[in-house]
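Open the model in your viewer and keep the selection panel handy.

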Amino acid sequence: MTPQMQAFLVWLLWVAVIGIVFGIAVRGSSSSSPPAPERVDRMRLLMLLVLLVLAGFGLGLTLPRAPYPTAAEVPDRVVFVMGKQFAFALSEDPITNEEEYEEAIAYGSGVEVRRGELIEFRVSSLDVNHGFSLYSPDHRLIAQVQAMPGYVNRLRTRFSEPGDYSILCLEYCGNSHHAMRGVVSVR
Amino acid sequence: MDAFLRLENPTEAQRAYRRWTLLWLTTAFVLFAVVGLLGLLMRLNQARWLSLPPELFYAILTLHGLGMVGTWFVAGMAVLGQILQRYVNPSLRASQIAYFGTLIAVLLLLTATLIGRLGVGWYFLYPLPFYPSGVWPLWASWVFLAFLTIAGLSWTIWVVDYLRAIASRYRLSEALAWPVLFRGRELDVPPVILIATVSLVAGLIGLLAAVVLLVLYYLEGLGTGLRNDALLMKNLTFFFGHVLVNITMYLGVAGVYALYPGLSGKPPLKTKRYVAAAWNVALLLVLLAYFHHLYMDFAQPLWFQRLGQIASYLSSIPAAVVTIVTVLALTYGARGAWTPSRLFLFLGTMGWAIGGMAAVIDSTILVNFRFHNTLWVPGHFHTYFLMGVVLMLLGFGFRFVHELSGHEEPPARSLGWLVALGGYGFLAMFFYGGVLSVPRRYAAYPDEVASGATLAQLATVFVLLLLTGLIIYAWHYVRLLRQAWSSG
Amino acid sequence: MALRAAFAAGLVFGLATGGYAGQEWVLPREEYYLYRPVPDVLVETVAGRRWLSSLWQERPLLITFAYTRCGGICRPFLGRLHKALEAIGGAGKAYTVVVLSMDPLDSPRSMYQLGQQIQRAHRPGWIWGILAREADIPRLLRGVGYWTRWDSTLQQYDHPSAVIAVSGNGRLVRILVGNEVRSGPLADVVRELRGLWVRAYPLPDSTVAFRCFQYDPDQGWRPDWGLMLLLLPGLLGLGFMFWLFGHRSRQSPG
């Protein structure tokens with residue numbers, strides 16, 4: 001199951017809980033007598049405690065697993081990524097200005113890496129904000145980072161499966177935003 | 001019939017104010033219809049049933065986004081003014097200035113997008129307005145900045161006037177219910193004053209962030225040689241954008257607090273200690289949650305990111321424990337009739353909860369890595385808006401015309417079903433699009449995410465259901481408009 | 001792809017030789033050498049001989065080049081580096097600083113004396129030495145993107161100022177260039193050598209105003225005007241709130 005699907009199911013569970021609770025209130029609106037204020041206050045307190053515990057649990061479970069690497073590890077390969085309206089240039093050679101961008105793009109918006117390698121993408125932009133994203137060969141979003149002008153963001157990924165990983169733009173960047181792309185070929 | 005909105009013997013000033021509220025709401029509903037249909041156009045285009053040129057699609061995207069944000073903000077402000085008017089004296093002049101300012105702003109926005117083809121998206125992320133890639137002329141960027149300036153100025157005047165009105169009757173400690181919160185004292189301040197103060201102060205701070213943002217834009221745009229830092233501009237953009245959208249939600253909630261007890265046959269709500277606590281906490285959290293928009297900017301300091309997730313998680317709790325439990329308790333055993341207004345306020349509260357959970361899930365950094373800028377995001381904010389604050393404000397408007405015209409509300413059944421089914425069906429396609437990693441804001445879907453087109457097709461079917469419901473609503477509303485106006 | 005690799009190789013070579021000619025690229029560019037293995041060479045100090053690899057296996061390295069005949073930038077640069085690293089801390093614990101001579105006329109003793117001049121006393125975690133084999137000098141320099149050029153009229157080497165960070169497994173992690181020792185980037189490099197991940201870094205751009213943070217050598221990261229601008233709306237808004245309510249309730253009490 002994809003992480004996306006897991007998150008979706010968690011949400012559906014909440015939707016079900018919310019639906020049931022609101023449904024009970026609707027059903028009770030015509031048949032039952034109003035709840036005593038003390039009972040409502042008790043429920044409120046109980047709900048506060050439950051939600052605090054759940055929030056704490058959720059934070060404790062997810063915050064340490066935020067996908068920002070904390071330990072430095074020497075990557076096997078560095079790929080420089082430069083966004084510019086409307087294509088990503090990728091290269092193992094640095095891309096820091098227009099000429100290097102043009103040189104890199106002349107070979108196509110792609111790069112080849114080996115599976116299992118730790119890849120560091122050094123992502124930046126020459127004009128506006130772009131969203132550098134990696135889609136697995138079965139078209140699921142597996143990683144992303146913003147390409148922001150003036151900054152280099154370092155995204156690290158290990159590709160476990162061979163194939164072509166599409167790059168799409170995930171930050172609206174202008175008229176051909178939907179056509180802005182690149183590819184990482186994993187052998 | 002409980003008549004919260006229809007005073008027994010209104011003064012001439014109160015009648016005039018009511019008319020303006022009616023004008024505001026009607027204007028907002030018209031804008032909603034127009035801008036909503038633009039949204040349908042976008043979905044049809046994504047469904048491949050229509051073929052708009054991308055520059056038109058993205059101009060519409062910009063108009064739809066900013067149009068909706070602005071429309072519901074002003075509708076919420078108008079509703080808040082009408083409620084406040086029971087307790088304090090908001091100035092009609094300020095409301096009128098805001099109204100004409102908004103009209104001019106709308107004209108400027110229409111000019112920039114439909115004529116100029118400006119397509120920067122609703123949050124016009126710096127430095128996109130300066131990089132038109134040959135699509136829109138320079139003047140369109142300037143018209144757009146003028147739109148932001150005029151809308152921002154007139155809304156700031158409006159917000160400040162409401163605060164002035166509250167301040168002229170209540171002390172700050174009273175308006176924020178501090179005696180209740182800290183000393184557990186009984187206080188004769190309705191919860192709506194508290195919600196209004198919190199929302200307005202937060203809103204003012206958000207609008208001031210927009211001022212800073214605009215000044216930086218002007219400094220760069222006027223060729224002073226200064227260039228802005230993209231990270232700072234992004235922080236300012238989402239600070240302002242998030243706060244404005246978030247307090248729009250609170251403005252709708254103010255409507256729920258004001259109307260829902262009466263519609264359920266209960267006395268008005270009192271400012272209890274937990275209410276005071278919840279809304280004071282909300283004032284803090286609403287200012288911090290925006291960090292969750294920048295998770296994918298690794299240059300942002302790590303503790304900002306963590307703060308974003310913590311604030312987003314925590315901000316859901318006071319809302320749930322106070323407003324939602326209150327609405328549920330008011331509903332249970334109330335025996336009141338399910339009129340459209342009551343149903344819309346109830347459904348709006350439920351939509352808030354459901355959209356809120358979608359937001360909490362997406363505000364988890366771990367999850368955001370996979371959902372950021374996919375269709376999950378419009379999924380959650382359309383739930384907040386369409387099934388949340390829009391329903392609350394539509395409910396308010398429905399009640400308003402019926403009370404003013406002295407008519408009983410019609411039964412709600414078909415209207416409720418059409419709106420709920422159409423709305424949630426439409427939203428489900430966004431959420432599932434997020435699960436399938438379909439990016440948001442794509443004029444057309446490339447092969448990898450071609451499923452987006454199928455989802456868009458299904459979504460348009462649900463939109464037709466929703467539209468039918470809204471047409472029924474509009475029919476009831478328009479029918480009574482003239483009468484409501486003349487008795488207003 | 002082969003064409004591309006050939007092109008890339010040519011580019012690197014061209015830049016490297018261009019560097020030697022001192023024309024196009026005066027400063028070493030780290031992007032071309034990132035994460036490449038650093039050549040292992042034999043280092044000689046007054047204390048004896050050690051392989052560079054044994055040093056980096058002990059702890060990561062900050063390598064810099066200087067020579068004792070230098071009448072130019074070497075001493076001021078080393079002085080700044082010394083001061084900056086004193087402020088940042090961690091020498092001898094998180095990393096070792098290796099100052100190597102690229103001048104065949106230098107000896108372990110002359111380098112030791114240079115160290116004494118700069119640091120006044122022996123500092124742990126600093127190594128001052130030469131390359132035991134003269135042939136290793138061009139090999140090491142080329143391997144880390146550094147260059148020197150003998151100026152026969154001045155009887156001096158032309159060379160850039162640079163600090164080269166080497167990880168515990170002998171890979172080049174960063175090259176910091178420039179005569180000014182910039183504390184911010186240097187602290188980032190040290191953080192990375194300590195095993196902390198640096199997620200992003202700003203590109204230098206003097207025209208950008210109002211960043212959120214700037215690095216100050218004495219105080220570490222300090223808020224810049226940009227952060228003030230971010231706090232301004234909140235401060236102004238709350239200030240206005242207090243003013244308005246205070247003002248109004250005086251006007252009409254009750």
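How many residues of chain A are in contact with chain B? Select both chains and you will find 67 residues of chain A in contact with 64 residues of chain B, where contact means that the C-beta atoms, placed from the backbone, lie within 7 Å.

Before going on, note that this is a predicted model, in which local features need pLDDT of at least 70, side-chain atom pairs count only at pLDDT 80 or more, and totals for chains, interfaces and linings use all residues. Residues are numbered from 1 along each chain as its sequence is written, and chains are lettered from A and ligands numbered from 1 in the order in which they are written.

**Chain A, facing chain B**

Now highlight α1 (3-31) and α2 (37-62) of chain A, then β5 (130-135), β6 (141-147), β7 (151-158) and β8 (163-169): these elements each give two or more residues to the side that touches chain B. Helices (H or I, at least four residues) and strands (E, at least two) are DSSP runs, numbered from the N terminus. The largest share, 17 residues, comes from α1(A).

**Chain B, facing chain C**

Next, select the contact between chains B and C, with 24 residues from chain B and 25 residues from chain C. On the chain B side, pick α4 (138-167), α7 (191-221), β1 (227-228) and α8 (230-263), which each contribute two or more residues. Here α7(B) provides the largest share, 6 residues.

**Chain C by itself**

Technical notes
Contact = placed C-beta atoms within 7 Å.
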